[in-house]
Amino acid sequence: MQGPVADFFRWLDDRYGLYFSPFTDAFDGERILLGLRTTVELSLTCIALSILLGLIGAWMLSTRSRLAQGVVRFYVQAFRNTPPLVQLAFFYFAIGSLLPSSGRSPLIDGYGWAVISFSLLAGAFNVEIFRSGVEAVPAMMVEAAAGLGFSRLQTYRYVLAPLGLRICLPALTNNLVNLVKTTTLAYAIGVPELLYAAGQIWSEVMNVREMMYLLLVIYIALIAILVWVMERWERALRIPGYTP
Amino acid sequence: MAHELGAPVVVLREVVKRFGDYPVLSGISLTVRRGETVCIIGPSGSGKSTLLRCINGLVPVTSGSITVAGREVNDAALDPIALRRDVGIVFQQYNLFPHRTALQNVMMAPIHVLRQNRAEVETRARELLAKVHLTEKADTYPGELSGGQQQRVAIARALAMSPKVMLFDEVTAALDPETKKEVLVTVQELAAEGITCILVTHEMGFARRVADHIYFTDGGVIVEHGPPAQLLEAPREARTREFLDKVL
Amino acid sequence: MTDLPVLRRVGPLAGFRAPLALPALPLAAALFFVASLAWAQTRSAPVGESAAAAVLRWAPLIFGGFLFNVLVSVLSMAVGTALGFALGLLLIAPTRLPRGVGWALTQFFRNAPWLVLLFYAMFLLPFELHLGGLEIPLPSWAKAVLGLSLPVAANFAEIVRGALQSIPEPQWSAARGLAFGPLQTIRLVILPQAVRRMLPPWMNLYAILTMATTLISVVGIQDGLTITRAAIASDARPELMLPLYLFLLLLFFVYCYPIARATLALERRFQVRG
């Protein structure tokens, strides 16, 4: 590989024996980039789906139907109190084997099951987060909306959701950060995300130490970006004269 | 008040409300005619706020009947939106939506509940803000307004639905004396225009000036009622006298 | 893998109250499991061992594996709590350098994925420790315990910091007035009050850790999950997957759900007394 970055890492290798192969070897570099892309795609997809699930779940909790409430509570407690890795294995192996497969390839591959499993997990936490946010909106505001003739759905949409969101944003950020960290579990079912790519490289080239450090730096950078985005959003949502 | 009073628009008959076993209203009957301004006074805990909330259906009654503009409030088949359209309510704690500007607060309900055209709603909203003397605050957020200003926006917001009856639940109780005045003036102007108003209030001076009829409630029943001159100067019941002595 | 800050409830809102009655939830879970057994039976060969019998045969082994997960969680929590407490003290140090170091370490180990830290420990810790003249072998599971204790320490450091800083300033100055040194102050005055506030999030952290111990199966250590997968593989009966996985999930659920409830109850109680 060419360029000053590659030269720097080649120098590191010559001088200190620190072999950061993704920077000096084009093939390894590509593998890492592919792994990074998969991780980012997986993270973004799961973030979006989990937020959707959280909203639906919080809404279902606010209806009068005991059945809807029971279903959501069961869902939340089941995913919050069981190990994420076992959940993933359950979906990929147990449920996966139940689905029909078109020819030799299964209907949903490892990536697909990872999306389903992680979205459900993060969604369960989001239900709790959104519920707490909505619950913290003063009841008088809901009364005002009712007095104006807003239906339940309208009250949720125009009053509870915007105000509740501002209240629960820090907790939501926390949960999304954890979601990004959880994507590493997909390694266990062979999804070619970042950790998997790094593992492939170090098993060939034996540069475990360097790959470890590289991984840690990349993940911390990814999370820093996510936190920054969430903080920007929080700032954009700020209302003059109002502190939730 | 120097305007014509029309047909009855709000009629309560033997309204009883219990929260569990605890009785709050024990047989309230009253009639409010179109264009009338009615004040409800009484000690705290006498059920006045609950009464208002029963009139616009926020709190269901245990027994008895409430009719508003010909609609039976208790009727299960009643469309709540139709009722809320006819009855506007302003609370003690203004309850403006903090994430919307004053103008947006006023516009929200007609747009989303009544599904009226946005441009028309905006024109009317600005007119209403002008009526409550807050034209220049149209684009400010509630957090930047004083209590009195917020309360006036809340009044404009309730008026935006073009209600037949306006309910005011101790709207000046949370304000300091200077800002109280600006809100009372606004309510007085509304009453003068002929809007039917039912006010729960502690402001006796205001009641004397503005009300057509005053009801005194205590312990969940109407103890006495009459025109302000009679009720406030020469009350018939001892309980009324006791209360007025304490307050005036 | 998830550390959810314990959330507070403020303001009533109809429909959000009333936690699900205690018997209903485990009952529903048990029902699920039994249903899966019945379903597995329908898919089994008519002769031979019934699905329920097969699951019953494997249950003790899987339970043993689960107990190993619990053991790892207890050890890791002990190490992580000790390390985390020290790190937490660094975070409230009066001088900038130790505070900065503490902040860097905490950020680093809190934001790194647990699985990566586990790999880190497995690969980079030596297979034996040389202390003085002794050679202490470091088996894989011990490395895993250390690996998992790192994020625990970082998270607990934050809990410690939050709890210590939440004690009102007058307590600190009063202690100083009585000529207590900083560490003495913490030990005798602040800590006893702060422990109450640390307890619910600490319990929450433990539950998360327990669920994270299954990660050790990814780095080649035998635990409940590996045994479950081995059971499925050895019997070559794919219909057993559902009930066997559900059994393992149920074991963790029965262990962690009461912890979650106790955490909530403690938190509510501590909030009332303030």
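**Ground rules.** I number residues from 1 along each chain as its sequence is written, and I letter chains from A and number ligands from 1 in the order in which they are written. Since I am reading a predicted model, local features need pLDDT of at least 70 and side-chain atom pairs count only at pLDDT 80 or more, whereas totals for chains, interfaces and linings use all residues.

**Entry 1: which chains touch.** I looked up contacts, where two residues are in contact if their C-beta atoms, placed from the backbone, lie within 7 Å. Of the 2 pairs of chains in contact, chains A and C share the most contacts. Chain B and chain C do not touch, and I noted that their nearest C-alpha atoms are 13 Å apart.

**Entry 2: the A and C interface.** Here I found 50 residues of chain A in contact with 43 residues of chain C. Helices and strands in my notes are DSSP runs (H or I, at least four residues, for helices; E, at least two, for strands), numbered from the N terminus. Several helices of chain A, including α3 (26–62) and α6 (110–135), each supply at least two residues of the side that touches chain C. I sorted that side of chain A by class and got 29 nonpolar, 13 polar and 8 charged residues; Ala, Val, Leu, Ile, Met, Phe, Trp, Tyr, Cys and Pro count as nonpolar, Asp, Glu, Lys and Arg as charged, and the others, Gly among them, as polar.

**Entry 3: the A and B interface.** Between these chains, 20 residues of chain B are in contact with 18 residues of chain A. On chain B, α2 (80–86) and α3 (102–112) each supply at least two residues of the side that touches chain A, and the residues of that side divide into 11 nonpolar, 6 polar and 3 charged.

**Entry 4: the sheet of chain B.** I traced an open sheet of 6 strands in chain B, in the order β6-β7-β8-β3-β9-β10 with mixed pairing, where two strands pair if DSSP finds at least two bridges between them. In chain B, β6 (87–90) and β10 (221–226) stand at the edges with a single partner strand each, so one side of each is left without a neighbour in the sheet. Further in, 4 bridges join β3 (37–41) to β9 (213–218) of chain B, and these two run parallel; V38(B) stands opposite H213(B) in β9(B).

**Entry 5: a covered helix in chain C.** Chain C has 9 helices and 2 strands, and 40% of its 274 residues count as buried (20 or more other C-beta atoms within 10 Å of a residue's own, with C-beta atoms placed from the backbone; 12 or fewer is exposed, and in between is partly exposed). I then looked at α4 (114–124) of chain C, where 8 of the 11 residues are buried, among them W114(C) and F119(C). The buried residues of α4(C) pack against helices of two chains, including α8 (152–182) of chain A and α3 (96–111) of chain C.

Entry 6: Not counting residues up to four places away in sequence, L248(C) touches residues including V86(A) and F66(C).
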